[in-house]
Amino acid sequence: MPAASQFGSGFPDPCRKTPGDEAGIILEQLKSPTRDDIAAITTLWIATGLIPAIRDARQDIENCINADHGSLIIARHPSTRQIIATMMTGHDEFHGWIHYLAIAADAQNLGIGRELVTLAEDILRASGLSEVRVTIENATAGDFYAKLDYDWPDNATRPETTDNSQNMIMRKSLDQ
């Protein structure tokens, strides 16, 4: 069920005529995506570099939704209901994982990524897990997660450059 979030009330909304009358971003756990949802998610993931342009996100979405411990959370624009952000979270009974965190270019730097990661941590903590992990595909992602108190495992140091052939894992304790 979609729910208005506590954040994003300042999201630029060209459909609103009165300043200060903006609605918050809509968060939704997507359980039955429509064709339009899948197309929008695929477009977002391609635009943010998460998947190559020749790939359809349908299988990844279905795998997450059908997993015993998986959730696909999306953020929608308050008036257009366009998908502007995604995040998958789940666990393997040992570690929590965050995957496919993507924010549309015009929605970046508004705190949406931070809020989605906090939501994932809350979901995983409620599942009784003590650690969450994320695969880092580039230095920008590593910097983002480092600001959220994620660190490199003891046996790894932050690489100077991270390329797609050498993905790294960052982690964070949920026992706080």
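Let's begin with a word we need: a residue is called buried when its relative accessible area is under 20%. Keep that cut-off in mind. One caution as well: this is a predicted model.

Now look at strand S3, residues 70-76. Seven of its seven residues are buried, so the strand is largely enclosed by the rest of the structure. Which residues point which way? Gly 70, Leu 72, Ile 74 and Arg 76 point one way from S3. Ser 71, Ile 73 and Ala 75 point the other way. Both sets are buried. Notice that Arg 76 is among them.

What pairs with S3? Take strand S2 first. S2 covers residues 26-29, and four bridges join it to S3. These two strands run antiparallel. To find one of the bridges, go to Gln 29; its bridge partner in S3 is Ile 73.

Next, strand S4, residues 83-91. How many bridges join S3 to S4? Seven, and again the pair runs antiparallel. S3 and S4 form a hairpin, with six residues between them. Look in that turn for Arg 81. Its phi is positive, about 65°.

Tyr 100 has a phi near 50°, a positive value in a residue other than glycine. Where is Tyr 100? In strand S5, residues 96-103.

Asp 149 is another case. Its phi is near 75°, also positive, and Asp 149 is not a glycine either. Asp 149 is found in a loop, between helix H4 (139-147) and strand S7 (168-173). Is Asp 149 buried or exposed? The cut-off for exposed is over 50% relative accessible area. Asp 149 has 56%, so it counts as exposed.

Last stop: the helices. Helix H3 spans residues 112-126, and its axis comes within 11 Å of the axis of H4. The two axes cross at roughly 65°. The crossing is right-handed. Which residues make the contact? From H3, they are Gly 113, Arg 114 and Val 117. From H4, they are Phe 144, Tyr 145 and Lys 147. By type, the contact divides into three nonpolar residues, one polar and two charged.

To recap. S3 is largely enclosed, since seven of its seven residues are buried. S3 is joined to S2 by four bridges, and to S4 by seven. H3 passes H4 in a right-handed crossing. Asp 149, in its loop, is exposed. That's my tour.

Methods: Residues are numbered from 1 along each chain as its sequence is written. This is a predicted model: local features need pLDDT of at least 70, side-chain atom pairs count only at pLDDT 80 or more; totals for chains, interfaces and linings use all residues. Side-chain values use heavy atoms; hydrogens and water are left out. Buried means under 20% relative accessible area, exposed over 50%, partly exposed in between (1.4 Å probe, protein chains only). Axes are lines fitted to C-alpha atoms, for helices over the stretch in contact, and angles run from 0 to 180 degrees between N-to-C directions. A crossing is left-handed if the near helix is turned anticlockwise from the far one by less than a right angle, and right-handed if clockwise. Contact means heavy atoms within 4.5 Å. Ala, Val, Leu, Ile, Met, Phe, Trp, Tyr, Cys and Pro count as nonpolar, Asp, Glu, Lys and Arg as charged, and the others, Gly among them, as polar. Two strands pair if DSSP finds at least two bridges between them.
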